[in-house]
Amino acid sequence: MREVGFIFDLDGVIVDTAKYHYLAWKNLANELGFEFTKQQNELFKGVSRKKSLEILLDLGKVKATQEQFDGWMVEKNVDYLAYIEKMDESEILPDVPKVLQFLKSNTIPISLGSASKNARPILEKVNLLTYFDAIVDGNSVSNAKPNPEVFLIAAKELGVSPENCVVFEDAVAGIQAANAANMLSIGIGDKEVLHEADYVFTDFTQIELEFLKKLAKV
Ligand code: B16
Ligand code: MG
């Protein structure tokens, strides 16, 4: 067993893909005849694609057959992928490469732990894929966050026991999942929203090297 492992959520931690999810869900909502606001989009953070569409249809009071539901899931994703296609390194959130580089240079194993089924192409687009020793995403799990499954699989793939894993998350459900997995949870975002986390920082620029060294046990 390795001593420590680090697990990163994707959307809201490494890149801000929430804005593209928003545009794609908004396009679908408008097509179905209702508005979808940025505020409502907050409900979708860290939530699976299927659950997101269920919430969207509830908001618009739209009833769907299974066939329509499946079709809209595909339609939203095709639209979303067109936005992703244009992404590059400039979309990486501040100081993320610095933290990944620090971990890599100390041979600390790194995993992704995301709800997204598009995680791999996104990491490829922003040129960060090579930092990750494991990619655990929406394709690998059957239980969505706050269920700890995604992080427990990540720990297993890294060969690190869960209590020695550190998780970076921007969503409440993600912090709950990390806590349920018995991992150290670090919220990236608002202290009040993420109050269940062990530590909260507004972004990676606020994390000092000394703190990181302590977490990484180096
Ligand atoms: P996809 P994360 C999540 O990513 C997003 O926050 C959430 O808004 C999205 O619905 C979910 O991924 C599924 O994404 O449609 O690409 O499979 O924060 O868990 O990295
Ligand atoms: Mg997230």
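Start by selecting Lys 145 and Asp 9: their side chains are joined by a polar contact of 3.0 Å. (A polar contact is a pair of N or O atoms within 3.5 Å; within protein, one must be able to donate a hydrogen and the other to accept it, and residues adjacent in sequence count only if both atoms are side-chain atoms.) Before you click further, note that this is a predicted model, where local features need pLDDT of at least 70 and side-chain atom pairs count only at pLDDT 80 or more, while totals for chains, interfaces and linings use all residues. Residues are numbered from 1 along each chain as its sequence is written, chains are lettered from A and ligands numbered from 1 in the order in which they are written, and side-chain values use heavy atoms, with hydrogens and water left out.

**Stop 1: around Lys 145**

Keep Lys 145 selected. You'll find Lys 145 in the loop between strand E3 (134-136) and helix H7 (149-158). (Helices, H or I with at least four residues, and strands, E with at least two, are DSSP runs numbered from the N terminus.) Lys 145 counts as buried, with 10% relative accessibility. (Buried means under 20% relative accessible area, exposed over 50%, and partly exposed in between, using a 1.4 Å probe and protein chains only.)

Now show the backbone of Gly 113: its oxygen lies 3.1 Å from a polar atom of the Lys 145 side chain. Leaving out residues up to four places away in sequence, Lys 145 also touches others, including Gly 46, Phe 151, Glu 169 and Ala 177. (Contact means heavy atoms within 4.5 Å.)

Asp 9, Lys 145 and Glu 169 are linked in a network of salt bridges. (A salt bridge is a side-chain nitrogen of Lys or Arg within 4 Å of a carboxyl oxygen of Asp or Glu.)

**Stop 2: the magnesium ion**

From Asp 9, hop over to the magnesium ion (ligand 2). Its protein donors are Asp 9 (OD), Asp 11 (O) and Asp 170 (OD), at 2.0 to 2.1 Å. (Donors are N, O and S atoms within 2.8 Å of the metal, or 3.2 Å for Na, K and Ca; water is not among the atoms, so sites may look incomplete.) Along the sequence, these donor residues are spaced D-x1-D-x158-D. Asp 11 sits in the loop between strand E1 (5-8) and helix H1 (18-31), and Asp 170 in the loop between strand E4 (165-169) and helix H8 (172-180), so the pair ties together parts that are 159 residues apart in sequence. Both Asp 11 and Asp 170 are buried.

Zoom in on Asp 170. Despite being buried, Asp 170 has no salt bridge, and the nearest side chain of opposite charge, Lys 45, is 5.2 Å away. (Lys and Arg count as positive and Asp and Glu as negative; His and the chain ends are not counted.) Outside its sequence neighbours up to four places away, Asp 170 touches several residues, among them Gly 12, Val 13, Ile 188 and Leu 194.

**Stop 3**

Lys 45 is a handy next click: Lys 45 forms one with Glu 42, the closest N and O atoms being 3.2 Å apart. Lys 45 is partly exposed at 28% relative accessible area, and Glu 42 is partly exposed at 48%.

Next, select Glu 91 and Lys 19, whose side chains meet in a salt bridge (3.6 Å, N to O). This pair links distant parts of the chain, 72 residues apart: Glu 91 is in the loop between helix H4 (66-84) and helix H5 (96-105), and Lys 19 is in helix H1. Glu 91 counts as buried at 16%, whereas Lys 19 is partly exposed at 38%.

Then try Lys 104 and Asp 133, a salt bridge with its closest N and O atoms 3.5 Å apart. Lys 104 lies in helix H5 and Asp 133 in the loop between helix H6 (119-125) and E3, so the pair ties together parts 29 residues apart in sequence.

**Stop 4: Ser 52**

Select Ser 52 in helix H3 (residues 49-59). Ser 52 is buried, with a relative accessible area of 2%. A polar atom of its side chain lies 2.7 Å from the backbone oxygen of Ser 48. Not counting residues up to four places away in sequence, Ser 52 touches Trp 25, Phe 44 and Val 47.

**Stop 5: zoom out**

Finally, colour by domain: domain 1 is 5-16 + 89-216 and domain 2 is 18-84. (The bounds come from an automatic or database domain assignment.) The domain centres, taken over C-alpha atoms, are 25 Å apart. Eleven residues from domain 1 and eleven residues from domain 2 take part in the contact.
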